[in-house]
Amino acid sequence: MDQIIQSTNIHGYFDGISAYLTDNGSEQGGDEQLILSPLHGKGSISRLKIRQGIEVVISDMTLEEDWNQYIHEDRVFEINYCFSGSSDYYFKGNRYSTSVQSGNVYSMEDSEIRLIKKSKQRYLCLEIRMSPEQVLRYFEHADDYRSVENWLKHQMGRISPLQDSMILKRAVNEMVHSSYRGSLKKLHMESKIMEIVLLVLEKYMPQPEYNAGSYMKKQDIEKLYAAKQIISDRLDNPLSLKELARASELNEFKLKKGFKELFGMTVFEYVRDQRLEKGVFLMQVEQLNVGEAAAAVGYSNPSNFSAAFFKKYGCKPIQFIKSKK
């Protein structure tokens, strides 16, 4: 099926779909939901307006045939994430694809994009749609405002892949499965939007400059970021401090002192936090039990995992699992 959408503002995309799927909508507690007819497939598309200029659109559907959308956007900044299914984007002569557990960020003005949503598969996707002005509202400091404004200008007309991480997966999953209602849901959603925007900017914004008086050289900073990545890649079997120093080509003193100064926590604290973050994801999304999650992130004793989990989150893992059901 083919559809042309003229979106003159952030909310025009969903409004265009709503007009196309006439008499199949409902609204409850601020959530608008469109139910697909059997002719189109099964499932739904929902929208939550956080405020004018910010909305969250969640699609969970299986289409009878490919859905070709020719969308003209006035001004939009979008972050999307695909949990299942796949789609293709055609923009300025280039083809982009989304697949399972991946996403994109893009910004465009007075542009057309062709979106093809594939049929005969469950398509579960989250879209955070914002006006550039709303993105900038999060940054009051003049220097931060200018940096983000320049990045938005640079990003204009580009589609870039999101950097995958456990933090991102947890944030988007919490948005899709939010148990809040009404105003609390809007507040919860916006807190997650701010977290995800921060993750995006962390990837695409230049790293801050450090004082010339700092003992760290540029090469050392790059090696510390490399050490951080090595830790993330080996959460189930972390290296010793000596092995990590060797792998990142730093001596142990620079690794310990530099890591704490650059990232605000010790190497041990970072390893623990990342293992627990992954444990949360495995229990919440992959449905692993406590013992399985503990083993998957390198804890040979589930009791040690539970103790560390309680210290960070204020509850036991089994209580966390029950609260999410």
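**Exercise 1: a ring cluster**

Find the residues that ring pairs link into a cluster in this predicted model.

*Solution.* Ring pairs join Tyr225, Phe259, Phe263 and Tyr270 into a cluster. Now zoom out to the whole model: the count of aromatic pairs comes to nine.

The ring centres are 5.1 Å apart and the planes stand at 85°. Planes over 60 degrees apart count as edge-to-face, so the pair of Tyr225 and Phe263 is edge-to-face.

Tyr225 has 27% relative accessibility and counts as partly exposed, while Phe263, at 17%, is buried.

**Exercise 2: a second ring pair**

Classify the pair formed by Phe305 and Phe309.

*Solution.* Step one is the geometry: the centres of the two rings lie 5.9 Å apart, with the planes at 50°. Stacked needs under 30 degrees and edge-to-face over 60, so the pair of Phe305 and Phe309 goes down as tilted.

Step two is the position. Both residues sit in helix α11 (residues 302–313), four residues apart, and that separates them by about one helical turn.

Step three is the surface. Phe305 has 0% relative accessibility and is buried; Phe309 is buried too, with a relative accessible area of 0%.

**Exercise 3: charges over rings**

Look at Arg114 and Arg275, and say which ring each one lies over.

*Solution.* Begin with Arg114, in strand β9 (residues 102–117). Its charged end sits over the ring of Tyr90, 5.4 Å from the centre. With 29% relative accessibility, Arg114 is partly exposed.

Now list what else Arg114 touches. Skipping residues up to four places away in sequence, its contacts are Asn68, Gln69, Tyr70, Asp88, Tyr89 and Tyr90. There's also His72, 42 residues away along the chain, whose C-alpha is 8.8 Å from that of Arg114.

As for Arg275, it lies over the face of Tyr299, 4.4 Å from the ring centre.

**Exercise 4: a loop residue**

Is Val297 buried or exposed, and what does it contact?

*Solution.* Locate it first: Val297 is in the loop between α10 (290–296) and α11. Its relative accessibility is 0%, so Val297 is buried.

Then look around it. Leaving out neighbours within four places in sequence, Val297 is in contact with Leu235, Asp236, Arg275, Lys278, Gly279, Leu282 and Phe305. Take Lys278 from that list: it is 19 residues from Val297 in sequence, yet the C-alpha atoms are 7.0 Å apart.

**Exercise 5: a covered helix**

How many of the residues of α4 are buried?

*Solution.* Ten of the eleven, so α4 is mostly covered. Among the buried ones are Met166, Leu168, Arg170 and Glu174.

At 15% relative accessibility, Lys169 counts as buried. Beyond its neighbours within four places in sequence, Lys169 contacts Tyr81, Gln101, Asp164 and Phe281.

**Exercise 6: positive phi**

Find where Lys92 and Lys120 sit, and give the phi of each.

*Solution.* Here's the background: most residues other than glycine have a negative phi. Lys92, in the loop between β7 (87–91) and β8 (94–98), has a positive phi near 55°. Lys120, in the loop between β9 and β10 (122–130), has a positive phi near 60°.

Finish with the surface check: Lys92 is exposed at 60% relative accessible area, and Lys120 is exposed at 58%.

Methods: Residues are numbered from 1 along each chain as its sequence is written. This is a predicted model: local features need pLDDT of at least 70, side-chain atom pairs count only at pLDDT 80 or more; totals for chains, interfaces and linings use all residues. Side-chain values use heavy atoms; hydrogens and water are left out. Rings of Phe, Tyr and Trp (its six-membered ring) pair if their centres lie within 6.5 Å; planes under 30 degrees apart count as stacked, over 60 as edge-to-face and the rest as tilted. Buried means under 20% relative accessible area, exposed over 50%, partly exposed in between (1.4 Å probe, protein chains only). Helices (H or I, at least four residues) and strands (E, at least two) are DSSP runs, numbered from the N terminus. A charge sits over a ring if NZ of Lys or CZ of Arg is within 6 Å of the ring centre and within 35 degrees of the ring normal. Contact means heavy atoms within 4.5 Å.
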